[in-house]
Amino acid sequence: MKLRIATFNVENLVSRNVYGPRRRPQTAPALAMFDFADPAMRAQAQASMAMTLEDDDRQATALAIAETGADILALQEVENIGVLAPFMKHYVHAVSDIRYGHLRLLSGNDPRGIDCAFAARRGLVADEHAIVATSYAQASFASLGVYDPALAHFGIGPDDRVFNRDCLEIAIDLGDRDLALFICHLKSMGYAADGRDQTRILRRAEACAIRAIVQARFGNGWRDANWIVLGDLNDHRFTIGRGGAIEPTLPSGIDPLFEDFAVDVTAGLPEIERWTLYHRDREGPEGVPVEHHVQLDHILISPALAAANPDPQPQIVRRGLGYATPLDPTHPDRSIAWLSTRADRYPRIGWLRPQASDHCPVAVSLTIPQTRRGNQAGSVPGPG
């Protein structure tokens, strides 16, 4: 059996025009130019503006999903099923040849209420009970054996929750074979100059927790099982600078997932082709912006799946990014005149907005080998 699998951080697929401690950042610039004597009028204006901007963004998001041609979607930053279902119906199904169902989403720990979600091609399984979702949002550092005493510096104890958002397991019974997905959205690097260094220990604990969950789930046969760790891992192992210069960025918080554990389906690509997010720091040294193309989004497959798929052909969909993102890191021209005239984006894509997301979907077609029944289930530690 061959399945096409994709992961995509869809960037705040939510029903609210306000979330968390602040309003949507894309509405703030326009609202800042107007006076509202009545706070209710301001709220109504913001809601109207958010809906208009959302429609533009979501048409592009749907096009990116359609381009992956995926049977299975692992999504990050989705508020709830009540948002995901109409998005699929009214946006994705309007442009895609694939109809999605079998939706799964369980609440995680993100304070903004953005969670990991799952969708699959209708008819992938005949019985909805063949797809089981399990959240590890409540799992503690201690219960998974990943507590590092250095975490005390952050006020974190052994009994605290290890996942900043979640690790969502989707177990799929495909009849003569099983497949387990571990959909993840790890701790953000933040926006401070030293944010990555300061938060690395948290992502490393999450990565160790994912590894512990997989190994406990499948026991001694974890290498022979069909499992995939995928999602927005929020850390990189190298960066691509202006002109295409490759700079290693080890150690990385996600190293435990690469060290004698899983295989990245993009490993066969040149490093310069693996990036999934573009970051431009306008406050670089001497006023010169610093830019980086990085790979934050991954599909990591088990040794068994790697053996069955020795030459995966991954696809990274970038046509939904705003025109401000240079799709070719090696090209020297960063002028508006050059970037804005590239015929390499979807219709209605803008300079910064509208765009499909700030992340790129990653997709790959994988042969899923038959599994030996009776050797798949293990005992995963409880939430603690």
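1. Let's begin at T249, which touches R196, H236, R237, F238 and T239, leaving out residues up to four places away in sequence; contact here means heavy atoms within 4.5 Å. T249 lies in the loop between β12 (246–248) and β13 (263–264). Helices (H or I, at least four residues) and strands (E, at least two) are DSSP runs, numbered from the N terminus. With a relative accessible area of 10%, T249 is buried. Buried means under 20% relative accessible area, exposed over 50%, and partly exposed in between (1.4 Å probe, protein chains only).

2. A word on the source. This is a predicted model, where local features need pLDDT of at least 70 and side-chain atom pairs count only at pLDDT 80 or more, while totals for chains, interfaces and linings use all residues. Residues are numbered from 1 along each chain as its sequence is written, and side-chain values use heavy atoms, with hydrogens and water left out.

3. Another cis peptide bond, with omega of about -5°, links R353 and P354; P354 is in the loop between α7 and β18. These are worth a look because most peptide bonds are trans.

4. The loop between α7 (336–339) and β18 (362–367) also holds C360. Is C360 buried or exposed? C360 is buried, at a relative accessible area of 0%. Beyond its neighbours within four places in sequence, C360 is in contact with T7, F8, W275, T276, D297, I316, V317, R318 and L321. The C-alpha atoms of C360 and N12 are 14 Å apart, although 348 residues separate them along the chain.

5. N12 itself is in strand β1 (residues 2–13) and is buried, with a relative accessible area of 10%. N12 has a positive phi of about 55° although it is not a glycine. E77, in strand β4 (residues 72–78), is another non-glycine residue with a positive phi, near 70°; E77 is buried at 9% relative accessibility.

6. Now follow helix α2 (residues 39–68). At 1.5 Å a residue, its 30 residues should span 44 Å, and the end C-alpha atoms are 43 Å apart, which agrees; the expected span is 1.5 Å times one less than the number of residues. D38 caps the N-terminal end, with a side-chain oxygen 2.9 Å from the backbone nitrogen of A40. Just after α2, G69 takes a positive phi of about 60°. Buried residues of α2 include Q46, A50, E54 and I65.

7. Which residues touch the most other members of the largest nonpolar core? Of its 36 residues, they are I72, F118, L179, L181, I183 and I228. Such a core is a set of buried Ala, Val, Leu, Ile, Met, Phe, Trp, Tyr and Cys residues joined through side-chain atoms within 4.5 Å. A second, separate core of 34 residues includes V146, F182, C184 and A207.

8. Finally, the rings. The whole structure has 5 aromatic pairs. F141 and Y147 have ring centres 6.0 Å apart and planes at 80°, so the pair is edge-to-face. Rings of Phe, Tyr and Trp (its six-membered ring) pair if their centres lie within 6.5 Å; planes under 30 degrees apart count as stacked, over 60 as edge-to-face and the rest as tilted. F141 is buried at 2%, whereas Y147 is partly exposed at 27%.

Key
A polar contact is a pair of N or O atoms within 3.5 Å; within protein, one must be able to donate a hydrogen and the other to accept it, and residues adjacent in sequence count only if both atoms are side-chain atoms.
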